[in-house]
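Here is a short briefing for a first look. Have the sequence and the 3D view open, and go through the topics one by one.

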Amino acid sequence: MRVSRDELKGLIQTKLQRAGLKEDHAEVAADVLTFADERGIHSHGAMRVEYYAERIAKGGINVNPNFNFEKTGPATGVFHGDGGNGHTAAKLAMDEAIKMAKESGVAIVGVKNISHSGAISYFTNQAANADLIGFSVCQSDPMVVPFGGAEPYYGTNPIAFAAPSSDGRMITLDMATTVQAWGKILHARSKNESIPNTWAVDSNGEATTDPLKVNALLPISGPKGYGLAMMVDVLSGILLGLPFGNKVSSMYEDLSEYRKLGQLHIVINPAFFTALTGFKNDITQTMEDLNHIKPAPGFSKVLYPGQNNDVVIEDYKENGIEIVDDIYEYLKSDVIHNNQYDHKNPFAE
């Protein structure tokens, strides 16, 4: 079914507040989740709400965190999340990074001890909306086999990037270092759909098209994706003195405990390197150049990174955001959670 952006955000915020989040924290979380859904990234949208609600209700997210930003240098800092809501902490940390980049030309801010923060392009878009370049990486729980390995070590460890253009659009990249994000497996399960045989393997290490049989995900492009996952883990885990690799806590292992995840924002101010107007014009030109490249057989047009999302946004603005009926009914109901996530094996049926 389809609902308006305002209705979806309002339903999500209300549910998270009922679970225990403060109004301002719930509003940010709802905005991040709606941001994902309105771009067609449903794996990181409303379908996550019941999981968050259960973790909040069971004490696994600190609803009264002592958020604290520690400036450690002219262009560096650490945002201490104190086990709080990851969406809110990551947004506030990016706010601090933007302030520093405006003054110093560049900023690097680590975000420590937070819960899951959703689609991280939300935070790089914050930077692009401020005429800056945004780059963000974060950890996730181990569910990916390293190249040449037979058991999971790293998480999907996403990378996001955004840069502004001269006409309000932006180039954006939000990718897992796996062929697909775990949320895509969950989305396929929720819709009883099969998955491509290049996404994941079963308990025997064999490729599978059944999302219920997934035992581990595959890194993108073999050793290249494996190397990127390692890089993300170093920057958002080891660099911040946090658990890393297969020591990162599971989303579902114990919903009563804080997750202690890490994230790193890097922000660059183009005006410190070139004329801002020229930079933004060149980004626009890049978009136009890409759109006018002769398409390969089977393609109608070459799209710039993030353009598919723009198309979905326009459709949803006109016709409403598409969400699964069951998820809409949950958001409308008085139910907070159904105890379906605590201590659950994410790979199990």
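D131 sits in the loop that runs between helix 5 (121-129) and strand 5 (133-138). Helices (H or I, at least four residues) and strands (E, at least two) are DSSP runs, numbered from the N terminus. This is a predicted model: local features need pLDDT of at least 70, side-chain atom pairs count only at pLDDT 80 or more, and totals for chains, interfaces and linings use all residues. Residues are numbered from 1 along each chain as its sequence is written, and side-chain values use heavy atoms, with hydrogens and water left out.

**Positive phi angles**

- Most residues other than glycine have a negative phi.
- D131 is not a glycine, yet its phi is positive, near 65°.
- D131 is partly exposed, at a relative accessible area of 24%. Buried means under 20% relative accessible area, exposed over 50%, and partly exposed in between (1.4 Å probe, protein chains only).
- H343 also is not a glycine and has a positive phi, of about 60°.
- H343 belongs to the segment after helix 10 (325-332).
- With a relative accessible area of 54%, H343 is exposed.

**Helix 1 and helix 2**

- Helix 1 spans residues 5-19 and helix 2 spans residues 23-37.
- Their axes come within 8 Å and cross at roughly 135°. Axes are lines fitted to C-alpha atoms, for helices over the stretch in contact, and angles run from 0 to 180 degrees between N-to-C directions.
- That angle makes helix 1 oblique to helix 2. Angles under 35 degrees count as roughly parallel, over 145 as roughly antiparallel, 65 to 115 as roughly perpendicular and the rest as oblique.
- The crossing of the two is right-handed. A crossing is right-handed if the near helix is turned clockwise from the far one by less than a right angle, and left-handed if anticlockwise.
- On the helix 1 side, the residues that meet helix 2 are R5, L8, K9, I12, Q13, L16 and Q17. Their partners in helix 2 include A26, A30, L33 and F35. Contact means heavy atoms within 4.5 Å.
- The residues of this contact of helix 1 with helix 2 divide into 8 nonpolar, 3 polar and 6 charged. Ala, Val, Leu, Ile, Met, Phe, Trp, Tyr, Cys and Pro count as nonpolar, Asp, Glu, Lys and Arg as charged, and the others, Gly among them, as polar.

**Helix 2 and helix 5**

- The axes of helix 2 and helix 5 come within 10 Å and cross at roughly 95°.
- That makes helix 2 roughly perpendicular to helix 5.
- D31, V32 and F35 of helix 2 meet S121, Y122, F123 and N125 of helix 5.
- This contact of helix 2 with helix 5 has 4 nonpolar, 2 polar and 1 charged residues.

**Helix 3**

- How many residues of helix 3 are buried? The count is 8 of its 9 residues, so helix 3 is mostly covered.
- The buried residues are V49, E50, Y51, Y52, A53, E54, R55 and I56.
- Their cover includes helix 1, helix 2, helix 4 (86-104) and helix 10.
- E54 has a relative accessible area of 0% and is buried.
- The side chain of E54 makes a polar contact with the side chain of K58 (2.8 Å). A polar contact is a pair of N or O atoms within 3.5 Å; within protein, one must be able to donate a hydrogen and the other to accept it, and residues adjacent in sequence count only if both atoms are side-chain atoms.
- Leaving aside neighbours within four places in sequence, E54 is in contact with L255, H337, N339, Q340, Y341 and D342.
- I56 is buried at 6% relative accessibility.
- Not counting residues up to four places away in sequence, I56 touches L16, A19, G20, L21, I61 and V63.
- The C-alpha atoms of I56 and Q17 are separated by 9.5 Å, and the two residues are 39 apart along the chain.

- R259 lies in the loop between helix 7 (223-236) and strand 10 (261-268).
- R259 is buried, with a relative accessible area of 4%.
- A polar atom of the R259 side chain lies 2.5 Å from the backbone oxygen of S249.
- Beyond neighbours within four places in sequence, the contacts of R259 include Y51, R55, H116 and D141.
- K332 is found in helix 10 and is partly exposed at 49% relative accessibility.
- K332 and L8 are 324 residues apart along the chain, and their C-alpha atoms are separated by 9.9 Å.
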